[in-house]
Structures are given as C-alpha cells and as structure tokens.
Amino acid sequence: MTSLPVDWFEGWYRTTHPRVVAAVSVACGDPDMARDAADEAFVRALSKVERVGRMEAPGAWVCKVALNVMRRRMRRISFEQKLLRMPGPVGSTTEPEPHPELWKAVRALPERQRMAIVLRYIADLTEPEIGEVMGISRGTVAATLATGRNHLAGQLAGLGFPDRYEEFRHA
Amino acid sequence: MLDIHDAAQDLIDHHRRRTPSLDFLSVQARFMRRRRRAGGVAIGVAVALLVAASVYRLDGSATSVKVNVTGPASSTTVASTPTTVHYLSAAAAKQVTPSGWSRVNFDDASIAAPTDWTLLAGENECPNPKYAVLLGADTQTGSNCGAQFPAGAPMVSYVRLLAFEGQPPAGKIVEIDGHTGTEVAGPSGTETYYFRDLGLAMTVYGSYGAEIASTVGWSATYLLLHPTGPVSVPANWVEFSYDGVSVRVPPTWPQKTLGPSDPAPGVCANATFTTPVAERGAGGSSSCNGFQPYAPVADVDGVWMSPYVTSPVQAFTPSADNQLRSSPVAVYLLPPRNNGQPIAQLVAVAPDGDMVSIDLGLGADPVIGQEILASIR
C-alpha cells in the first residue's frame, strides 16, 4: 500500500466497527461497555493508521485491542464494586439485541470456546487470525470451535431450540 | 432454520446503527494522544502550572477577568482600544464540535453533545432520558432521576457539569485543547475531570463519556468577553434601539418588534434564537404544557432587547464585579442561566435609569457578539 491509508480507514472502520462491537458485546454481555471498548480500539487504530493500514490482519488486531480493553474495564469495575460495595451500572436500555437466547447460550460457554465462536462467527476472523488473537495454535482453534459449536447446539436444544440451531454443529 | 452467520449478521446490523461518525473518532484520538503526552510529562505540566500561576491567578478568578470593551466613537465605527485586556489566543478560542453536535454552556465552560440528548437544568422534573447532560447539582432533585443516580437510573450515558474551585483530588493529569485537568476514576465506571481554569468538574458515564469529555472548552459567554484582538464595529451595521438603549447589528438581520401575540424568545425551553435576528419588546405570555426538557441548540447570533424584570432565579445587583462597561451606558452581565444555551444575558442602564435586558445570542464566531457588545450605547 503506497497511498495514505486514511481513505482505507474510513471504509474499514464502517465495516469492522459494528462487527467488533457485536463480538465484544457477546463476549462481555454489556453492549455499552462493548461500544466503549470498540471505540477505544478504533481510536488507537486511527492514531497509528499508517501502521494498522499495513497490517496483514487489522481486524484481528483491533479485536484483540478491544477485548483487552474490555477485560481491563471488567476487572476495574469488579474491583470498584468490591471496594465500594456499590451496585454496578444498570444494564443497557438500548434496543435489545436480536436473538438474545443464542447469545446468552454463547456467553454460557467456557471462555476459550466462547471467544473462538465470537471471533469466528461475529468478528469474521480466520482460524489463523483467531489463533493470533487468542495465543493458541490453528489446530487448537479448529478443535475449540468444533467443541464450542457442539456445546452450543446442545445448550440451545436444551432451551427448546433444537431445530433452529441444530445447524450450528456443522457451521 | 437460522444460520449462525445470519444471526451474527443481524447482531452486527443492530450495532451498525450506532456506529459513531469518524469525527467522533478523530476527536477522541486527539484526546488520547494528549492524555498520553500529558501523562508522560506530568512533572513538566506541574512546572508549567507553577510558571503560569505567576502570570495568572489559578484560583478561579482568572476566568472572571473582565475585558473593557468600549463602544464605537460617534464619528467612526472603530472601537477605541481597551485599556486592560487579556486577549485570548486564537488557539484557545477555537472549539471542537463534531458535526451533528451542539455546544452546551455551563458557567465559563462548555462541552459538545449530540443534539438528541436531553439537558436537565435546575429543578426540572426528569423524564428519565437515556442520554443526558446534567447541568448543576439541582438536577439531582427531580422526581424520577438523579437521587438514585447512577445506580438504578436507566441512563445509558450522561455527563454532569458542576461548578468547581479549589484543589482537585489526586489523579491523572490530562490536557484537552489547552485545558489542563485531573482525571479521577469514580464508582460504577464513572470518570470525573476537574478543570481549575474552566471552574468545572465534569463527570462522565457510558458510551459517549470520553467523546464528550474531549470537547471541553470555554463557554460562549467567556469567549464573548475575551476577544482575541481589538474589537471594531463594522461600518455598514445598522442601529437597533429599544427604550433608550441601542446596539448595532448586521444589515442582513431582520428587525422585529414583538407584540402581545408573539411568544417571548426562548420560552418553553425553546432555543432563544434559531436564525440571526434583532428583536425588541417583551412579547406575549406563553403557557408551556408539562415538562419541557432543554436540548442542545445551535450556536446562533441574535439580539433580544426587552424590559428588565427582576428574576429570583438570576438574582442580580449591579456592582463593579459584574459591570462590563460604565459608559456611554452602563452594561452588566447577569449570572448565567445555565440551561446550556449560548446566550449572554446583559442589562444596560440608560442615562435616565431605565434598565433594558439584552439577550445576546452567541454564534460560532464570537467576534459578532463582541462587536454587538461593543456597539451598545
């Protein structure tokens, strides 16, 4: 890429930002925190746009940053709530996300499976990119995804959605 | 049968509707760079503050320095040079307002907020808005909001502006558009920024908190009173008078005398000015139905001259502290109404003692207001 990647950034931002918000939202269960985390990640991307624009997988990088921001904030809120013995912020009052039963089931998965599912199907990362974000090998990613899909289909079947989500086993 | 890819796409489309504009991102990126820079040179900032303290008093009084803006001489349109002026630098006078947002004024400070946010000022009843700017401490006394705030209140994002003076608590040094402040993390994900020069404590919460925090700057009234250079009244401006007091306004502005059937500008939480205009007279009475929330309004220039009526909300006693000019007519600045609008409320006292209220609408270019102020006779 030889031209200034600012033009590139706008298109990439428009496509990728909602994807990252959706992924982080499913990962943490708080759409407002997800927006904050995604915003911060994209701000960092914009502040180093030349470097990010030349990355092989900028989507994976921005996902990784957003998830790190999310984890940091969750730790801080948890610490503050313990320290101050105060209730946390109430849940988002924005329009409910579509398919809540599905995302609730995803959130109930063990963390590694949850992250793999989120990064594959919402963030639309490839298996090598997921491996890079999660710090695991490509083979482990594939295995984790398969296990996660099976668990997810099983959970949804238990919730009364056996047909609707059966296809997840094979996605 | 729903495919997981379709479900994911539905979720992405759901969030796509609230993707911030690139403007937001740019403002925040600038904010972040400055925070890093400021954090890295905290000692340097402290030294700079000490040096600055020797030039300006940083106990809050610097914000109340008055500029002696004098009126035009009778034979010329150029104002005489003020004798004691602290000119604001052009950079300091520049405000950052993302497109689609408007500035919200509070005392000497202002922020920018999306125009669909609700402004809660004074003791308004609160309609439990999802997004709000809370102006002053009284906003906590509403029947349905604030007292339990933020826990239990169904707000997604808010910014609370409070007057502040004194020493901020220990925290991270930040710099936003030349304003050095202290950032302190609060409970439940809130952050409070303390700005001594602006006399402002700003608490932010939720998705838009950081974006809004990055737009902090001087209020429209502060910029009115702190020109960046000598003020002169353009020669082609025309006179507009009411009850012994006159101002000069651009010739393109419509001039209107309000009758009993005309609502007074700004009633029922409406914007005082929606287009540049010169108006005079008290206007008719209006009845507002129920709670009328304020909203961020566009910065629009305008003049409304009317009989001065004592207001218990804005207790005002003419004194040297609030006097902007002493001749050819005395002009005083009323305490800010703090409803967010870019309005400077002045009182001019004619030689015969009549008091005229002048609501000065302040547009994006503070020079126009400065020129009108300089033209009061």
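Me: Which residues touch the most other members of the largest nonpolar core?
Reply: The model is predicted, so local features need pLDDT of at least 70 and side-chain atom pairs count only at pLDDT 80 or more, while totals for chains, interfaces and linings use all residues. Residues are numbered from 1 along each chain as its sequence is written, chains are lettered from A in the order in which they are written, and side-chain values use heavy atoms, without hydrogens and water. A nonpolar core joins buried (under 20% relative accessible area, 1.4 Å probe, protein chains only) Ala, Val, Leu, Ile, Met, Phe, Trp, Tyr and Cys residues through side-chain atoms within 4.5 Å. Within the largest core, of 59 residues, those touching the most other members are Phe9(A), Val24(A), Trp103(A) and Ile122(A).

Me: Which helix gives the most to this core?
Reply: Helices are DSSP runs (H or I, at least four residues), numbered from the N terminus. With 11 residues, the leading contributor is helix 1 (residues 6-28) of chain A.

Me: Which residues of chain B are in contact with Ile122(A)?
Reply: Contact means heavy atoms within 4.5 Å. Beyond its neighbours within four places in sequence, Ile122(A) meets residues of chain A including Arg19(A) and Trp103(A). From chain B, its partners are Ala8(B), Leu11(B) and Ile12(B).

Me: Is Asn339(B) buried or exposed?
Reply: Asn339(B) lies in the loop between strand 17 (330-333) and strand 18 (343-349) of chain B, strands being DSSP runs of E with at least two residues. Not counting residues up to four places away in sequence, Asn339(B) touches Leu119(B), Ala121(B), Leu135(B) and Tyr294(B). Because its relative accessibility is 7%, Asn339(B) counts as buried.

Note on methods:
Buried < 20%, exposed > 50% of the residue type's maximum accessible area, 1.4 Å probe, protein only.
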